[in-house]
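Here is a short report on a protein chain. Look at the sequence and the 3D view first, then read on.

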Amino acid sequence: MHGVAAAVRVLRAWAMEGLYGAEGILPARRMLRPQGKGRWQQLWETPTLLWEAPTLGLDTAQGLELLSLLGTLLALGALLLRRLRHLLIYLVLWAAYLSACQVGQVFLYFQWDSLLLETGFLAMLVAPLRQHPHYKQAPQGALAGALPHEGLPFWLVRWLLFRLMFASGVVKLTSRCPAWWGLTALTYHYETQCLPTPASWFAHHLPVWLHKLSVVATFLIEIAVPPLFFAPVRRLRLAAFYSQVLLQVLIIITGNYNFFNLLTLVLTTALLDDEHLAAKSRNSQRRKTPASWPKALLAMLSWLLELTTYALLAYGTVHYFGLEIDWEKHTVRSRTTFTFHQFSQWLKMVTLPTMWLGVASLTWELLTALWRWTQVRGWLQKLCAAVQLSIFGTATVALFTISLVPYSYVEPSTHGRLWTGAHRLFGAVEHLQLANSYGLFRRMTGLGGRPEVVLEGSYDGHHWTEIEFMYKPGNVSRPPPLIVPHQPRLDWQMWFAALGPHTHSPWFTSLVLRLLQGKEPVIRLLQNDVAQYPFHKQPPTYVRAQRYKYWFSQPGEQGRWWRRQWVEEFFPPVSLGDPLLDALLRQFGLQDKSPARTRSSSSTLAQVLHWVRKQLSPLEAPSLLWGLLVTLGAIRFMQALLGPRPPRSSPLAREEKYRSASKKDSGAASTQATPAPDNGSSGSQTPRRKK
């Protein structure tokens, strides 16, 4: 699961110096200052491997670079080599990212960073130390050799996906945002989101009725569909899977949200099973294997439950959002027919039952794992399986209990009624970010126009030149970029800074200081090609910032993607030594009185890191990312094309052998060797095979 963000780490490696270096915007060394505590106590309170950077002759920023490069190599290796998909590898990856987040400050305070940490910890459970006990008989829908506990980590992934999506839908309504309640959020979203894509311009100009209908679909997918993740009917889970995939793909097309949507797509795979991925063989078995009357009855009941669920979802959507078809205008009218009080009462009524739904589903998974354990053959294999099941079962229950606390934040009264033991357990490990609260796109911003901060520099204080960023809107003639899965952290923070006064974003003062000083690592965050920076020959004498409002251009305006209007001065003109600048730096604690030590510059490891940074610096982040991803895809394709076929003794070969035998003998042998047909009701007990 860390593979999605693997290449991102190498990009962060060369961006480290500008963000966290000694002369960066927010030097990381300010976050790690020994306070006379013991080594292990210090590590527990601030869990980061960067405490050990000085022992390697590195400063904190160089330690960050080392962790990023190490994480990149391990993650890319895990994508290519099966032997590296190991618990210890994922432990190192998780520890490396947690270490970075401890000193990342505001540039790593995003929900997807927390999501990656939580997913990364679950990856350790999904990819454990592999042992292959032998079964008397493989369970239906699974391959022989599956470990009894394998379904438990995947259930935790499913629970994480549920918390992410359900909370993201609920907070849109609990925020009382008029755009969400009026179903008009998407008439603003494409224009006002942090980094639009070219497709955002086209999506913005779609009819208003379609925008409102899309908001209704968003509420349906994020609030009503997630409980189906635990449905006993697999077709309902598959329908939930494809609805989530549709939402994430549309977000990827219309917005640059780095690795977040890709990571969410990875989480949705927990809704699938091997039987669905092997649809061809399943369909052939369904045609050739007669069903007994109990299974036929169960299949019919599953269909009835499925149709009832779809009917309830359709009725609820039409009723609560007042959907009406206007046949004359060929549109669909929609409006919210419930009040905030009614929604709050509904949320209070369902939050605790969703927790009990999780308890019931987890209990079923545990009982299923216990039944699988009884099928293990051999006392030694049975003992090993029992130990693993005990460890993973305990870990699963503990992580589920911990996650209930941040999940209950969506409804305050439920949070207060939660078991105190869960609160204590969560408080003990909260700093490790094993479970987090989520709630994306809580409120729509920029309803009157997209606020944007534009930096300007000058040599004389009279003639000003705009300082362009690589990715965020600036030049009205430049099209929005497509940079997924890269996240330019500085561009993102510029978007947040524009929402309020500069005093709400203390780091902005440090950015102004570094531009006045002409620090190249910081300049490369704005323009990777330093020659494109207007003050690359000599730093500006003065720097200021203006606030504008931006709107997408109208269809027919040639050569323009944006329109803009000046609003106010965001940051006053300052120069080096300006009393106002010095006062702001002191106010925000950005005047570092302990200068960076240069003892690490001569170490061999520091020189290697400097060489790597020098090689990567000329490359643009999205180009490097896509180059790595395409190369990985090509290697994986060649591995699949040229790789050895499964041995005849493998589970796949045995399955083919049984299928061949069933063709020759259509009598009793077929019912013994061929798995039962899919009846749509194989619930969460279907074992998962690790990929």
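The report covers the cores, a surface patch, the salt bridges, the cysteines and some backbone features.

## About the model

This is a predicted model, in which local features need pLDDT of at least 70, side-chain atom pairs count only at pLDDT 80 or more, and totals for chains, interfaces and linings use all residues. Residues are numbered from 1 along each chain as its sequence is written, and side-chain values use heavy atoms, with hydrogens and water left out.

## The nonpolar cores

In soluble globular proteins, nonpolar side chains tend to be buried together. A nonpolar core is a set of buried Ala, Val, Leu, Ile, Met, Phe, Trp, Tyr and Cys residues joined through side-chain atoms within 4.5 Å. Buried means under 20% relative accessible area, exposed means over 50%, and partly exposed lies in between (1.4 Å probe, protein chains only).

The largest core here has 150 residues. Ile25, Trp507, Phe508, Leu511 and Leu515 touch the most other members. Helix H6 (residues 151-174) gives the most to this core: 14 residues. Helices (H or I, at least four residues) and strands (E, at least two) are DSSP runs, numbered from the N terminus. There is also a second, separate core of eight residues, and Ala53, Leu58, Leu609 and Leu624 are among them.

What does Trp507 contact, leaving aside its neighbours within four places in sequence? Its partners are Ile25, Leu26, Val106, Phe107, Leu490, Gln493, Met494 and Ala497. Contact means heavy atoms within 4.5 Å.

## A nonpolar surface patch

Trp293, Leu297, Met300, Leu301 and Leu304 make a nonpolar surface patch of about 560 Å². Patches are made of residues with over 30% relative accessible area and no salt bridge; like charges are joined within 9 Å, and nonpolar side chains (Val, Leu, Ile, Met, Phe, Trp, Tyr) within 5 Å. Areas come from the Shrake-Rupley method with a 1.4 Å probe, and for residues only the protein chains shown count as cover. Leu301 sits in helix H15 (residues 293-320). Leu301 is partly exposed, at 47% relative accessible area.

## Salt bridges

How many salt bridges are there? The count is 21. A salt bridge is a side-chain nitrogen of Lys or Arg within 4 Å of a carboxyl oxygen of Asp or Glu.

Arg234 pairs with Asp273, with the closest N and O atoms 3.0 Å apart. This pair links distant parts of the chain, 39 residues apart: Arg234 is in helix H11 (residues 234-254), and Asp273 is in the loop between helix H12 (260-268) and helix H13 (274-277). Both residues, Arg234 and Asp273, are buried. Arg450 and Glu452 also form a salt bridge, at 2.7 Å from N to O. Arg450 is buried at 0% relative accessibility, and Glu452 is buried at 1%. Salt bridges with shared partners join Glu17, Glu65 and Arg613 into one network.

## Cysteines

A disulfide is a covalent bond between the sulfur atoms of two cysteines. The rule used here asks for a pair of cysteine sulfur atoms within 2.5 Å. By this rule the count is zero. Cys101 is buried at 9% relative accessible area, and Cys177 is buried at 0%.

## Backbone features

Most residues other than glycine have a negative phi, and most peptide bonds are trans. Gln105 has a positive phi of about 55 degrees. Gln105 lies in the loop between helix H4 (87-103) and helix H5 (111-126). Is Gln105 buried or exposed? Gln105 is buried, at 8% relative accessible area.

Arg176 also has a positive phi, near 60 degrees. Arg176 is in the loop between H6 and helix H7 (178-181), and counts as exposed at 55% relative accessibility. A cis peptide bond joins Val484 and Pro485, with omega about 10 degrees.
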